[in-house]
Amino acid sequence: MQTAPAQNPPMNPSGEHHSGPAPGLMRWVLTTNHKDIGSLYLIFSLLMFMIGGCMALVIRAELFQPGLQLVRPEFFNQMTTMHGLIMVFGAVMPAFVGLANWLIPMMVGAPDMALPRMNNWSFWILPFAFTMMLSTLFMEGGAPNFGWTFYAPLSTTYAPPSVTYFIFAVHMMGISSIMGAINVIATILNLRAPGMTMMKLPLFVWTWLITAFLLIAVMPVLAGVVTMMLTDIHFGTSFFDAAGGGDPVLFQHVFWFFGHPEVYIMILPAFGIVSQIIPTFARKRLFGYVSMVWATSSIAILSFIVWAHHMFTVGMPLAGELFFMYSTMLIAVPTGVKVFNWVATMFKGSMTFETPMLFSIAFVVLFTIGGLSGLMLAIAPADFQYHDTYFVVAHFHYVLVPGAVFSIMAAVYYWLPKWTGNYYNETLGKTHFWLSFVGVNLTFFPMHFIGLAGMPRRIPDYALQFADFNMVASVGAFLFGFSQLLFVYIVIRCVRGGERADARVWEAAEGLEWTLPSPAPYHSFSEHPVVDQPMLPGGR
Amino acid sequence: MTQPTAKTMIIVRRLTIAAVLMFGFGFALAPLYDVFCKITGLNGKVTQNGPLTKTVVIDTSRNIRVQLIAVNNEGMPWTFGPKTDEISVHPGEQRLTHYIASNPTARPMVARAVPSVAPSEAAQYVHKISCFCFEAQPLASLATQEMPLVLMIDPELPTHIRTITLSYTLFDITEQSQNDAAATAATAASKRVEL
């Protein structure tokens, strides 16, 4: 034995590693550990979820009754804009990146992400980007008020001065996302354990691989479009200014070329999560693993050719309307395959209904409702009626809240015992689920009706006939919003203690991450595990 | 922490190049969009500008109604409109018409008119042989000006189109053109940045 302190030899051949995290706060600033960075991402996104949620509650409080009660219309517009931007870029996307950081190395049998230093950087850009974005609320002229889609010329000619801060914040979060995506791809392609072939990858890993390619394809386009805005505003170019020969409709094309793949970036990892959880609690292998992989890939490819269904009303030729209508409807096929597979997995399974399973089943049901309203919106002639109404709001909140957000919550409940070594309180978890479930439906279901009846979105006041449903929606929103405090409490309580979890955690959980002890050690799989079992969860 | 392997760096390099290319693609969408509109005639953009390059036969059997419309962009104080609201032309016939603009303000201004054709299917059959819209239009305070437009409808226009609407939107570009003038005048100024 040498004089070096006793350490786990295989874990520390170079003497570079520590067996545990460094002490003190600087651990979090300097860390290159995928688990630390995953936790940072998740905590950050929870914080953003709360901030964006407060903005949503400002919106719903104002809409509780017709007329203007609480906020001025200008501020209302800032709230809708910031709520959207923060939830999309600050809450949902970082939460998925956090889950990817925690889980992908453990699932593929890698010691860490492929590029740990870049991983640290891609996280630490985010707090600065969002500080910059949120600081616009306190600036003269107010925060961005042009909607999260920031259509030109609202976001150029008529924008508040703070738009420049918004542009640079978008640049920064774009760089962060691209670096995160590069890391995910490099990890999955390069650091798989021996025997972990591509078609044995857990579905969460597969969906994230495809998501990462989408991110690399479209985040630069977003960076491009905000750069064009920047030069239009400050350097005299006319990309979107008709007076100088530009075209505002071009903005919508470029934005939605990014925007539509972006909405799949926010849902594909959710598909992966649900495909991990349902087999565990149905105690059956995932039905149709290969078709799941193909369905995810085809959704990703189709996402590049459907963007103009967001802009049916700008004046497109009939051929264009038809092309985008049919290509959009085509997406329902692979999505239908996925829903079918989840249902078939549950069929005749010996199901139990722990909190992650409840969230996953709610995901399948409610996401399908959101998908079907999307199909209604895809019908070009009908879309002229639905465009820019609360029906659209209902649609995308159904796919994003009980879709993406529920899947993230399901994932947290499912893997929390693995992360902390303790079970969360099941009773409180189920309470949280039912409060959220009722709250979400109370909030967003009535929006279908007021939307079909013609209530436009992004307005602080509305006609009297919409009053009742709006009141219901506001009550639901406050119920949903405040039940998330319970979620925070459950997570904190679970981190601090609780019933000890064994390595397997769930009776029927399968996959490499469950072969590690709970809580997962700071450094895991320093030597590749050998994957020799013929089947993994979802594998054939 | 170990250094990333060479294999990882190859992936990183390729993906970084892909990201940079996609950034470029975002910008390339701007000219691509124009090319696409030009080829398909979508968006009502008139592309057949300038002197006629081909000889056409006047098709007296058909009459095409050309409706002339004028719109002021927000904040544009000029009065602006066609001299005749509607003209009737044979396909192949060259016709001169005028728009009238007057500047009621106390300052000289510069404007630009941006045309659009409806139905967009007809856009590629509208030839503008000469048009005030090709250039920026300066107008002194309280001045009024007749602005000429010579157009020809291509005889190849599909027969189901009987009415074409030609709309001009007038934009105030006084500020931009002053800046341009200042920029060209001030050759000493090496850089022009407005924030």
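This is a predicted model: local features need pLDDT of at least 70, side-chain atom pairs count only at pLDDT 80 or more; totals for chains, interfaces and linings use all residues.
I started at Pro519(A), which sits in the segment after α16 (467-496) of chain A; helices here are DSSP runs of H or I with at least four residues, strands are runs of E with at least two, and both are numbered from the N terminus. The bond from Ser518(A) into Pro519(A) is cis, with omega near -5°.

Residues are numbered from 1 along each chain as its sequence is written, chains are lettered from A and ligands numbered from 1 in the order in which they are written, and side-chain values use heavy atoms, with hydrogens and water left out.

Then I looked at chain B, where Ala118(B) and Pro119(B) are joined by a cis peptide bond with omega about -10°. I found Pro119(B) in the loop between β6 (109-118) and β7 (126-131) of chain B.

Lys348(A) belongs to the loop between α11 and α12 of chain A.

**Helix pairs**

Next I took α12 (residues 355-378) and α14 (residues 390-420) of chain A, whose axes come within 8 Å and cross at roughly 160°. I take axes as lines fitted to C-alpha atoms, for helices over the stretch in contact, with angles from 0 to 180 degrees between N-to-C directions. So α12(A) and α14(A) are roughly antiparallel (the label for angles over 145 degrees; under 35 is roughly parallel, 65 to 115 roughly perpendicular and the rest oblique).

How do α10 (residues 318-330) and α11 (residues 332-346) of chain A pack? I read an angle of about 15° with the axes 5 Å apart, which makes α10(A) roughly parallel to α11(A). Thr328(A), Met329(A) and Leu330(A) of α10(A) make the contact with Ala332(A), Val333(A) and Pro334(A) of α11(A); contact means heavy atoms within 4.5 Å.

**Between the chains**

I ended at the interface, where 36 residues of chain A are in contact with 33 residues of chain B. The area buried between chain A and chain B is about 3000 Å², and carbon and sulfur atoms give 71% of it (accessible area, 1.4 Å probe, that two parts lose on being put together, summed over both). How many salt bridges cross between chain A and chain B? The rule finds zero, counting a side-chain nitrogen of Lys or Arg within 4 Å of a carboxyl oxygen of Asp or Glu.
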